[in-house]
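Welcome, and thanks for taking a look at this one. Please keep the sequence and the model open side by side as you read.

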Amino acid sequence: MIIIAPYAQQLRTNKENPKNYPYWKELIAMIDEPIIQVGIEGEKQLVDDFRKNRSMEELSSLIQTCRTWISVDSFFQHLAWDQNKKGVVLWGPSDPIIFGHPENINLLKDRSHLVKNQFLWWEATEHQNERFVKPHIVLEYLKE
Amino acid sequence: MDKVLCSVATRGRYFTTLPLVLNAIINQTKLPDKLIIFDDNDDFQDMRKEMIYQYFFQMLDIKGIPWEWRVAEKKGQHHIHQHANLAGYDWVWRVDDDAVPEPNALYNLFRWTNTNVGAVGGSILTPPYMPDTSQVTGTIDNINSEPNIQWGFIKRKKEVEHLHCSFLYRAGVHDYNLGLSRVAHREETLFTYGLYQKGYKILVVPDAVTWHMKNPQGGIRAETNADLYARDERIFNNTLACRNNTVVVLNCGRGDHIVFKHILPLIKNPIVFSCYPDIIPGNTIAEAINFFGDLDQWNIYKKMDHWKWKDSLDSAFRKLYL
C-alpha cells in the first residue's frame, strides 16, 4: 500500500499552493498498487480511500503500515521522516536542501525553478506546472 | 578591519543637543565607517537648509564619512536600532541625541572589541549626578538595587551584564525587542543582556566618556504615558524571569515543529511556546506574545531570511537555539 499526501496547506488567499503537484491524476493512473490518500476536509479526493483529518497518532500508525509514500512539500514528509519511513517528495518552488530530508527521494526537476527567497509566504508565488517532474519519472523511483 | 556604523536616533533636538552630538562624532579620533541619523521627529525639517548642518555635512564629506539622514517610522527608538543592527556592519556605535562623546570615545570602545565581545560601553556622565559606582557589580540581578556603573568614571575594564544609553555593539547577532512600546523603556538593557545571554562579553571600559546632556524637552523617549512604561517593565521582568531557561517559541508550521522535535532534547532547560501541542507540548503563542511583546527574535523564517540561509531547517534551528 502507498500513501499519498497530495496537497500543501491551503493558502489564506485561496490561490492554489505553488507547492502542489499538478500531475496526480496521471501519476495515480500509473500506479498498480493500493493507494490511500491523506489530507483534510475540503481537499480534492483523488482515490477511493481518502482519510481526512486524522490525528498525528493515526497518521503515524498508518505510515508504519505502508510500503512507501508520495508527498508534496508539506508537513507529511516531515512526519514520515520522523517515523523513519522512506518515501518520495515531489518538489517545485521550495528547496529540498532546506526543507527536505536526505533520507527521502527528493524529486526536483531543476534548481532553476526554485523561488529566489525561500522564506516568504507562499501566497506571493504563482503555481506553475513546469516546475515539477513528470509522472513517469516518479514511477521509476517508486519501484525502489 | 571590522566596519562600524554610527547610528543616531533623534527627536525634538534639531537645535539643542543634536548639533553637539554630530560635531562630536565628526571629530572622533577613530571615525565610523558610516553615519546614519534616524529622524524620528513628528514634524520633519530639512536640515540641509540650516547653516550649521550644512557645515556638518560638508565636514563629513571632506573626512570621507558616508552619511545618511533617514526619516524613521515613529515607532520608537528600538525600531531604529534594529534597522541599524541589521544594516550589514560588524559593529554599531549607538549614540543618543543628547549624549556627547569625547573625541577618543569610539577609539577606546573599539579597541576592546574581539570575537568574544558583544558590547562595549564607557562612562555616561550626567552632571551634577555623579554617584559612587566603585562597588557596582553591573549584574542584572542588581539592576534595581544599584546605580548603573556607567553613571560614574570607569577606572578599569570590567565585565558586566548590561549597558545603557550609548555603546558599541556587535551587530546582527541579537534582536531588539520590537514588542516594547514607543517609549522603549529598558530596550538597551534587554538588548545588551540578550547579547550576554548569547555568551558574549559585555564590557565597560575606561577613557570612553560620553556627556549626557539630559534634556527634558524632546528626546526619543518623549512620552508620558505611564501605562507604556508599565507595559515595557512587565516585558522586562518577564524576560528576566526566564533568564535561567532557553526560551523556545515555535510560531511556525506543523512540519517545522516535527523537525524541531529532534532538537528539543538538546536544549538546556527549555521553556516552550508552541502552535502544535500535539507535536511539542508547551504554552500557547498568545501567552508568548503577552509575555515578551514581540516574537521576531524566535521567528525561524525571518532568521533564515536574514542569514541568507542555504542549509537545512534542522541546522537553522540549531543555530538559533544551541
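Below is a short tour, starting with the conventions and ending with two single residues.

## Conventions

This is a predicted model, in which local features need pLDDT of at least 70 and side-chain atom pairs count only at pLDDT 80 or more, while totals for chains, interfaces and linings use all residues. Residues are numbered from 1 along each chain as its sequence is written, and chains are lettered from A and ligands numbered from 1 in the order in which they are written.

Helices (H or I, at least four residues) and strands (E, at least two) are DSSP runs, numbered from the N terminus. Two residues are in contact if their C-beta atoms, placed from the backbone, lie within 7 Å. A residue is buried if 20 or more other C-beta atoms, also placed from the backbone, lie within 10 Å of its own; it is exposed with 12 or fewer, and partly exposed in between.

## The sheet of chain A

Let's begin with chain A, where six strands in the order 3-2-1-4-5-6 make an open sheet with parallel pairing (two strands pair if DSSP finds at least two bridges between them). Strand 3 (50–52) and strand 6 (105–108) of chain A are the edges, each pairing on one side only. On average, neighbouring strands of this sheet are turned by 20° against each other, direction ignored; axes here are lines fitted to C-alpha atoms, for helices over the stretch in contact, and angles run from 0 to 180 degrees between N-to-C directions.

Strand 1 of chain A has two partners to look at. With strand 4 of chain A it pairs in the parallel sense over four bridges, and here Ile4(A) stands opposite Ile70(A). Three bridges join strand 1 of chain A to strand 2 of chain A, again running parallel, with Ile2(A) opposite Ile35(A). Between strand 1 and strand 2 of chain A the chain passes through helix 1 (residues 24–30) of chain A, and this β-α-β crossover is right-handed (with the strands pointing away from the viewer, the path from the first strand over the helix to the second runs clockwise). Strand 2 of chain A also pairs with strand 3 of chain A, in the parallel sense over three bridges; Gly39(A) stands opposite Lys52(A) there.

## Helix 3 of chain A

Why is helix 3 (residues 75–82) of chain A described as largely enclosed by the rest of the structure? Seven of its eight residues are buried, so the rest of the structure largely encloses it. The buried ones are Phe75(A), Phe76(A), Gln77(A), His78(A), Leu79(A), Ala80(A) and Trp81(A).

The buried residues of this helix pack against several elements of chain A, among them helix 2 (56–65), and also against helix 7 of chain B. On the sheet, helix 3 of chain A touches strand 1, strand 2, strand 4 and strand 5 of chain A, and its direction makes about 150° with that of strand 4 of chain A. After helix 3 of chain A comes Asn84(A), whose phi is positive, near 60°.

## Where the chains meet

The contact between the chains takes 15 residues from chain B and 11 residues from chain A. On the side of chain B that touches chain A, helix 7 (254–261) and helix 9 (300–307) of chain B each supply at least two residues. Helix 7 of chain B gives the most to that side, with five residues.

## Chain B as a whole

Chain B has 10 helices and 13 strands. Its C-alpha trace spans about 65 × 45 × 45 Å along the principal axes, and 42% of its 322 residues count as buried. Among contacts in chain B between residues at least 6 apart in sequence, 77% join residues at least 24 apart.

Leu203(B) lies in strand 10 (residues 201–204) of chain B and counts as buried, with 24 C-beta neighbours inside 10 Å. The C-alpha atoms of Leu203(B) and Lys158(B), 45 residues apart along the chain, are separated by 5.7 Å. Leaving aside neighbours within four places in sequence, Leu203(B) is in contact with Trp112(B), Val117(B), Val120(B), Lys157(B) and Glu159(B).

Arg94(B), in strand 4 (residues 91–96) of chain B, is buried as well, with 24 other C-beta atoms within 10 Å. Its C-alpha atom is separated by 6.3 Å from that of Leu168(B), 74 residues apart along the chain.
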